[in-house]
Structure formats: structure tokens, C-alpha cells
Amino acid sequence: MRHSWWRWLLVLLAVLVVFVPSQLWLKQRITQYKSNYKTPLNPTIMVPGSSASQNRFDTLITQLRKETKTPHSVLKLKVAESGQITYTGSIKRGDNQPFIVIAFENNRDGYTNINKQAQWLNLAFKDLVKTYHFNHFSMLGHSNGGLILSVFLEKYLAQTQNVTPERLMTIATPYNMESDSTTKQTAILKELIKARGKLPKKLTVYSVAGTENYSSDGTVPANSVNQGKYVFQNQVAHYTQITVTGDDTTHSDLPQNKQIILLIRQYLLKEVLPSKDRLPMTKRSQSNDVTETGLP
Amino acid sequence: MVRLLRGLWRTNQRLSQWRAMRAIREALRVAYPFILVMALVDVVGQGFLSKSGFFFQIYHIGRWLPGIEFWQQGLQAVSIVVNGLVAVMVAFTTGHYLARTYHAEPLAVGMMSALAFLTLNVNYDTLGQGGHGNEGSQFLEVNLGPQGIFLAILVGLGVGWLASHLMQGLTTWWLHHRKKQLSWTGRIAWSLVVILSLTVATGYGVSWLVDGGINNLVYLALQTLSTNVGHDGWWIIAVTAISNGLWWLGLIGPISVAGNSSVTSLQNLAYAVQHGSGWGAPHPVTLHTLGDAYANFGGAGMTLALLIAIWIGSRQASYRRVANQTFLPNLLNLNEPTLLGLPVLFNPILLIPFVLAPAVSMLLAWAAIAWRLVPPIVYPVPRTTPGPLVGYLGTGGDWRALLLSLVCLSVSVLIYLPFVRLLNDEGDDDHAA
């Protein structure tokens, strides 16, 4: 047959034309599946402020358990100055929304201490990911805890691959420390602003402030909380500022404030609240993070 | 083996003497070119232009083809009309051919049977709701497409027979009692009235019992069977065999292919994403990992293997022609034109390999997975992926799966081959495709 040589070449060509692109497509799809995959375990990491221990959120957690009627289990970590980690409590089997409180032996205030604490937080975080294999989580920081989390997100999170933070809520976090000034930036704020490009782009951030009077919650100036916008705005997917007034709005009462508990449930834990409990907030901006599961 | 084949051959000869059998083959022969064009349109539409199409995805067609929506919608329109009404065509041609053998009015009877088929598929639930516009379709459109071919054949045969006899009976009755010739109009009008009353009554009665018409009754039963197959390999093979047997009867598509989104498949996918491969996936043996991956080349019944067997062993010109014409659709698992064109449907000789080849392939795949020679498929694969590539791509590029696919294909070709050779002896008179 004179034509058979051509025919075989044609067949070979046809096979290659299908096979090679499908190979590339396959690789692409698999990485896509990997990046879209979310583990069932979806912990909320809580970091208390200065001078507080790993038990700082106990009242809040008791209240949350009672209200949500889900037995969120609690794991508490304490990181010593040497970097050694002590665990108390546990993540119960089958509980996919546990709380993990991370506190530090050195829980003092101040620029150097906060930077060190972020480093310790990173140690604890890596240990947690290695133990529990979650690839997405949310965060709650009270006071300086919010600063520690912010520094951690900018400086250290990139060290852990394939783990995405979804939501961060900071309660009365003084982004500009004790300064009431709207123009002068303290060292930590300067640093946070400088490295803000490294913040995870898909993160949703809520910054909650409490005020006893028009300017402060008794400890942290409202202006200092406000400075958070220079860090997050236009850097993360959504940045929302919320101010809570009324009873229990002094700085240390905030984590057990009724309104803030509702905010945590609604925004951080993404519960569907009965409409009477939902806060009549302004509509959140349209989210642009529609994730395609990619099923054909 | 030889005796079995000889017996089969005799059965085949006897069956093709039957008027009904001949009517079915003739009806399918007439419908074939329409279905072929449709399948080629579907190749482009489903394989290249639809978002879930295999070639759309591997060539990233959405990125570079201008006016993609125009092409999609244009092809969809053609597909809806021809593919969506295939069963009506079959009802017409069956009735038409049968009436011709009875020397009645073929065209009129054909139309009657098409109308009768439609009355069985009227959406009776939407009737009497008042004309508020588009609450529901007036016809059960699903049943007018390939799914309805079996019912269409039954209706065509029934109406063809009944109408032909009614007309003759009416003519003689009229002559006896009225002492004059019954007019042409009268004969057809009276038969039409009788037939439509019968079918409307049937259709209405069924609509009380079940949503979705007569057809749905069968499909519902099958779907409950296939959704609960579980992990027992024998049971999976049995269900597939039953399903393929029904395909052969023209009950097309009771078990939906590409169960990418069933719970077990999703759990397998989650496992693979975490562990990097499908080894040790929680559900290694399911309808999806066996059937969709290794027993569906070309569609139900491994028809891709049938085509190759025809290329190797058939001396029938018409068979070879159909094989060449339907190769491309078969590559994308759209095998309706092959089934109707050869025809495979109602062909007693091809029934055995049509059921056997997928069953043996599944058995091989089951053994290979159970002995841990290949991992199960875990990644979703488009429905229009060329059959032998499904295993390879679904396992994330495991060459052993590709090898197993080729083994399954070769074994299936070997299963088809003796039956295809048997058909060489068939008279070429009624094949003119």
C-alpha cells in the first residue's frame, strides 16, 4: 500500500494532538483541585492581648457554646520564651470548628515583645498545621493580639504553604499603639503599613472598636483602632470597621460584650443567625471571591 | 462456540423474517442520516464548544474563539430540533414502513403514529392550569429525544398494525352496510379518531400514576437501581449489563455516565487531593471507577471496540461505511448513530458482545484495582473524553491505567470480532446506508 505510510503518520499525529494538550490540562486541573480543596477542619485561632493568659477567652467561649449550641472544643497553647509549647485541652474528634487559643509566656506590651510574640505564634501555628492538617482557618485577636496576628500574617504566614486564612476579626486592636494621633505613626504601624503588600489578598478583615466616650474604650484610643485602615484597606478582599457602644464597652469587657459575640457568630463563624439577632449593618461590599469548584 | 454462533445465526434469520423486525430496521435506516448529522453537530457542540467538553478544556477554546456564545447557541438550536425530536421521527418511519407492508396508506399511517407518540408524551400536568404562560412545557421533551426511541418503536409498530387493519376493516364494513365506497378522507379520519382516543386515554391514565409519562416509569425504576449499586463488583457488573441490555432495546441512557459528582466520587477526589494520588482511595470499586473508566469506550456497550472489530473483520460494505462515519462521535462517547445505523438495536447477534464486552472489561478493571495493579480513577473527567484516555486522565496520569484501558479495548475487540464475522454472511439487501 502506497498510502499506508501517510495514514500511520496521520494517526500518530492525531494521537499526539490529543495526548499532549490533555497532559498539560491534567496537570493544571490537579493543581487547581489542590488549591481549591478545603479540609473539613476549619479552626478559629484566638490570640489574647498583652498581660492576658490562654484563659482570656474562657467567658467568650462559654457564651459562644451556649448561644450556638455547638460544642466547639478548645485547644489552648502556651508558648514559652524558649519556643517550647504546652498544650491543654484538645480538639474533639468530629468537631470541625474548634477554637485554638494561643498565648505567650512573655505577654508584655511593647514593640519588641509584639514582634517576638508573632514569631512564637508562627512556631505554634506550624506545629498545629503539622498536627491537624487543616488548610484554612480564621482568626480572632483581642487588643495587642490583633497586632500579633497582623504581624504574623505579613511576616511569617508565607512560610507555611497551602494554608489560607479566611477571616480575621480584631477587637479593639491599637494599630497605632497608645497614640491618639492621626498623623504620627508609631514603629509598629509603620512596619505593618510597609509590609501590607504581603497580606493575603483573599482575606476578609473586621476591625471592631468599643467606645466608652467619643474617643476611647478607656484603654485604647479610638483613633489608634482607626489606623487599621491604612494597613488593610485596598490590600485584603474586604475590610470592615465596626464601632460598638453601650454597656460593657470598656477595653477588657469587649470580648464578652453581647453585641460583639453576635458579630463573632455572624461574621467570624459565619453562622446564619435568626433575623432578630442579626445586626442591622450596612451591606457588605460585593464579594469577588467566587471560588469555582471546577467540576465539569 | 461454533454451535452457539450457528444457533444465533438461525435465530437472526428467523427474526429478520418477521414483519416487525424488518419494520424496525427499515425505520432506523431511514432515521440514520439524520442522527448522523446530529451526532456530528453534537461532537462540535458538546466536545468543542460546551464548557464541559473535553476539547474545549484541553485546547482552552473559550479563550481564543471569538463569538463563542453565538456558536454555542446556534448549535444548541439545531441540536434541540433534530436530536430532541429523534423519537418522533422513529415513530413516523416505523409506522410508515409497517403500513407499506400491509399496503395501507403509508404516509398517513406514519403521521398517525407520530401524532400518537406525541399524545403519549403530552405534559398532562400543565393542561388545565390556565394560560399563564410559561409554567411548564406542553410536551415531555426529554421523551421525544433518544430516550424515547423504544417507546417510539412500540407505538410505531402498534399504530402501524392497528391503523392498517382499521382502514381495511372500515372499508369492508362500509361496503357491507352502506353499499358504497368509503372515501379516502373518511378512512383516515376515522382511524385517526380511534387511535388518538386510545393513546390519549393511555397517556392521561399514566399521568395520574406517575410524573413524566410512560417512559419515565421505566427510567425511574432503573435509576433507583443504579443509584444504589454500592461497592459490590458483581452487583455493579450486573446493573451495567441490565442497562446495556436496555440500550439494545432502545431505552437509551437509563444510567447516566460520568458520575463525577456522586458522593463516593467526591470523597475519592478529596482523598486524592490530600494524598496526591488515588492509591488507597475510600471507594475504589464503584460504578464510576469501573464502568465509566473502563467499560464505556464509545458509549454503552464499548462500541468503539465494535467499530475496530468491523474495520478488522467485516466484509459488509454498509457496516464499514457506518463505522467510518460514526468513528468521530464514538471517540467522544456519542454512540447513538452507531446503535441506530448498523443497527445494533434489536440485532440479536450483536446483543451478546454488546452486553459481554463491557462486563468483561469491568471484571478486568475490578481485578486490576483489587490486586492494586492500578489506582481507581479519582479526578473528574469530562463526559466527552475519548474512552481509552478516561482511565489515564482520571488517575492523574498513571500509565498503568492507560495500559489497562488498552487491554480492555483489545479484549472487547476480540469479543466483538466473531460476531462481526458472523454478520458477514448476512444478505446485503436491506442495508443501503
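This is a predicted model: local features need pLDDT of at least 70, side-chain atom pairs count only at pLDDT 80 or more; totals for chains, interfaces and linings use all residues.
A:Leu75 is found in strand 2 of chain A. Strand 2 (residues 74-79) pairs with strand 3 of chain A, and both belong to an open sheet of 8 strands. Chain B, by its domain assignment, has three parts: domain 1 (29-84), domain 2 (87-125 + 137-210) and domain 3 (228-425).

**A:Leu75 and its surroundings**

- A:Leu75 counts as buried because 21 other C-beta atoms lie within 10 Å, and the cut-off is 20 or more.
- Leaving out residues up to four places away in sequence, A:Leu75 touches A:Tyr87, A:Gly89, A:Ser90, A:Ile91, A:Pro98 and A:Ile100.
- A:Thr160 is 85 residues from A:Leu75 along the chain, and their C-alpha atoms are separated by 20 Å.

**The sheet of chain A**

- The strand order is 3-2-4-1-5-6-7-8, and the pairing is mixed.
- Strand 3 (85-89) and strand 8 (238-244) are the edge strands, each pairing on one side only.
- Neighbouring strands are turned by 20° against each other on average, direction ignored.
- Strand 2 and strand 3 of chain A run antiparallel, with 5 bridges between them.
- Within that pair, A:Val79 of chain A stands opposite A:Ile85 in strand 3.
- Helix 3 (residues 111-132) of chain A packs on the sheet. This helix touches strand 1 (44-47), strand 2, strand 3 and strand 4 (99-104) of chain A.
- The direction of helix 3 of chain A makes about 140° with that of strand 4 of chain A.

**Strand 1 of chain A**

- In a regular strand, side chains alternate between the two faces of the sheet.
- From strand 1 of chain A, A:Thr44 and A:Met46 point one way, while A:Ile45 and A:Val47 point the other way. All of these residues are buried.
- Strand 1 and strand 4 of chain A pair in the parallel sense over 3 bridges. A:Thr44 has A:Phe99 as its bridge partner in strand 4 of chain A.
- Strand 1 of chain A also runs parallel to strand 5 (residues 136-142) of chain A, joined by 4 bridges. There, A:Thr44 stands opposite A:Ser138 in strand 5 of chain A.

**Backbone points to check by eye**

- A:Met177 has a positive phi of about 55° although it is not a glycine. A:Met177 lies in the loop between strand 6 (164-171) and helix 5 (187-194) of chain A.
- A:Met177 counts as buried because it has 20 C-beta neighbours inside 10 Å.
- B:Phe346, also not a glycine, has a positive phi near 60°. Its place is the loop between helix 17 and helix 18 of chain B.
- B:Phe346 has 19 C-beta neighbours inside 10 Å, so it counts as partly exposed.
- B:Leu342 and B:Pro343 are joined by a cis peptide bond, with omega about -10°.
- B:Pro343 sits in the loop between helix 17 (336-341) and helix 18 (348-370) of chain B.

**Domains of chain B**

- Between domain 1 and domain 2 of chain B, the C-alpha centres lie 33 Å apart.
- Their contact takes 5 residues from domain 1 of chain B and 6 residues from domain 2 of chain B.
- On the domain 1 side, helix 2 (19-49) and helix 5 (68-84) of chain B each supply at least two residues. Helix 2 of chain B gives the most, with 3 residues.
- That side of domain 1 of chain B has 3 nonpolar, 2 polar and no charged residues.

**Helix 7 of chain B**

- Helix 7 (residues 106-120) has 15 residues and reaches 21 Å from its first C-alpha to its last, close to the expected 21 Å.
- This helix of chain B is mostly covered, with 11 of its 15 residues buried. Among them are B:Ala108, B:Val109, B:Met112, B:Phe117 and B:Leu120.

**Where chain B meets chain A**

- The contact takes 17 residues from chain B and 13 residues from chain A.
- On the chain B side, helix 3 (54-58), helix 12 (263-275) and helix 19 (387-394) of chain B give two or more residues.
- Helix 12 of chain B has the largest share of that side, 3 residues.
- By class, the chain B side has 11 nonpolar, 6 polar and no charged residues.

Terms used:
Residues are numbered from 1 along each chain as its sequence is written. Chains are lettered from A and ligands numbered from 1 in the order in which they are written. Two strands pair if DSSP finds at least two bridges between them. Axes are lines fitted to C-alpha atoms, for helices over the stretch in contact, and angles run from 0 to 180 degrees between N-to-C directions. Two residues are in contact if their C-beta atoms, placed from the backbone, lie within 7 Å. Domain bounds come from an automatic or database domain assignment. Ala, Val, Leu, Ile, Met, Phe, Trp, Tyr, Cys and Pro count as nonpolar, Asp, Glu, Lys and Arg as charged, and the others, Gly among them, as polar. The expected span of a helix is 1.5 Å times one less than its number of residues. A residue is buried if 20 or more other C-beta atoms lie within 10 Å of its own, exposed if 12 or fewer, and partly exposed in between; C-beta atoms are placed from the backbone.
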